[in-house]
Amino acid sequence: MSITIQKLIQYKQQQRPIVVLTAWDYLIAQLLDDSGVDLILVGDSMAVALGYQNTLPISLSEMIYHAKAVRRGVKQALMVVDLPFMTYQESVAQAMHSAGRVLKETGATAVKLEGGYPEMVDTVARLVRAGIPVMGHVGLTPQSVNQIGLRQQGKTQEARNEILQEAIALEQAGVFSIVLEHIPADLALEITQKINIPTIGIGAGSDCDGQVLVTSDLLGLSEKQPPFAKVYTNLRQTITQAVGEFSQEVREGKF
Ligand code: KIV
């Protein structure tokens, strides 16, 4: 049975932790889906796989191209696609157009966008009213890297209040879930207790309703990982070793 938005909300009520990972192509999507991951995110962290320095250069066409491949590998998980930088911030009409393209062309169930009160709240409400499910993302929002860097957010009382209010406003606007990135664990817990939709943490402690990692970080494929990522295996080393063995066998005429 495939995972629906209603099921994720039930998981929160049942206190069943939600597993979220990113996928950018068919092969990884298929592996994650077969492993029972609840939600597969085509995140704009895909920037690292395309050789960009940060998430800002990624285009909507690139996201859609990769999301279509992911879709072909996903049978059970809920699939969400990030709206990239400057494809939704300009106006509600722009957000509607971008999100509509994502859903129509990729077959994803929902879009994710960064930011909260007050700018994004209206946009979210309009998207949701048009039948487009939206996942929110507050705290460290990497599309604002030029303004806030990649530092932990919510360190002062004022910043904590702002993030909490953003999460509440996004819930009221209709998001079905919110990513909490790189904020203090006690703030993530407070938000998780105050809202009725699932919170998905990344660098936000273990008290969120679910956890997300960028799959290339988990697999040790990324050149460098953020401080809060946990690396479960070292695929860079495994691949380098396999390629080395192949090269040696070819050069020695053994293969
Ligand atoms: O782009 C991404 O992969 C994300 C996750 C880190 C939540 O937004």
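Analyst: Phe-246 has a relative accessibility of 47% in this predicted model, and because buried means under 20% and exposed over 50%, Phe-246 counts as partly exposed. Phe-255, with a relative accessibility of 69%, counts as exposed. These residues belong together, for a search of the whole structure finds one aromatic pair. It joins Phe-246 and Phe-255, whose ring centres are 5.5 Å apart. Their planes stand at 75 degrees, so the pair is edge-to-face; the cut-off for that class is over 60 degrees.

The nonpolar cores, by contrast, are made of buried residues. The largest of them has 58 residues, and Ile-178, Leu-180 and Ile-191 have the most contacts inside it. Helix 7, which covers residues 157–173, provides the largest share of this core, namely six residues. Apart from that core lies another, of 17 residues, including Ile-3, Ala-110, Ile-200 and Ile-202.

Once its neighbours within four places in sequence are left aside, Leu-180 is in contact with Val-138, Ala-188, Ile-191, Thr-192 and Thr-199, among others. Its partners also include Ile-200 and Ile-202, two residues named above as members of the 17-residue core. Gly-201, Ala-204 and Cys-208 are likewise in contact with Leu-180.

The largest pocket holds about 990 Å³ of space. It is lined by 39 residues, and those closest to its centre are Ser-45, Val-48, Leu-150, Lys-224 and Pro-226. Strand 6 (177–181) and helix 9 (215–218) are the elements that each give two or more residues to this lining. Sorted by class, the lining of the largest pocket comprises 18 nonpolar, 12 polar and nine charged residues.

The second largest pocket holds about 570 Å³. Of its 26 lining residues, Gly-115, Thr-141, Ser-144, Gln-147 and Glu-166 lie nearest the centre. Two or more residues of the lining come from each of helix 5 (119–129), strand 5 (134–139), helix 6 (145–148) and helix 7. The largest share, four residues, is that of helix 7, the helix that also gives the largest share of the 58-residue core.

Methods
Residues numbered from 1 in each chain as written. Predicted model: local features only at pLDDT ≥ 70, side-chain atom pairs only at ≥ 80, totals over all residues. Heavy atoms only, no water. Core = buried A, V, L, I, M, F, W, Y, C linked by side-chain atoms within 4.5 Å. Buried < 20%, exposed > 50% of the residue type's maximum accessible area, 1.4 Å probe, protein only. Contact = heavy atoms within 4.5 Å. 1 Å grid on protein atoms, 1.4 Å probe; cavity = no way out; pocket = protein on both sides within 12 Å on 5 of 7 lines; lining within 4 Å. Points joined across faces, edges and corners; volume = space filled by probe spheres on them. Nonpolar A, V, L, I, M, F, W, Y, C, P; charged D, E, K, R; others polar. Phe/Tyr/Trp six-rings, centres within 6.5 Å; stacked < 30°, edge-to-face > 60°.
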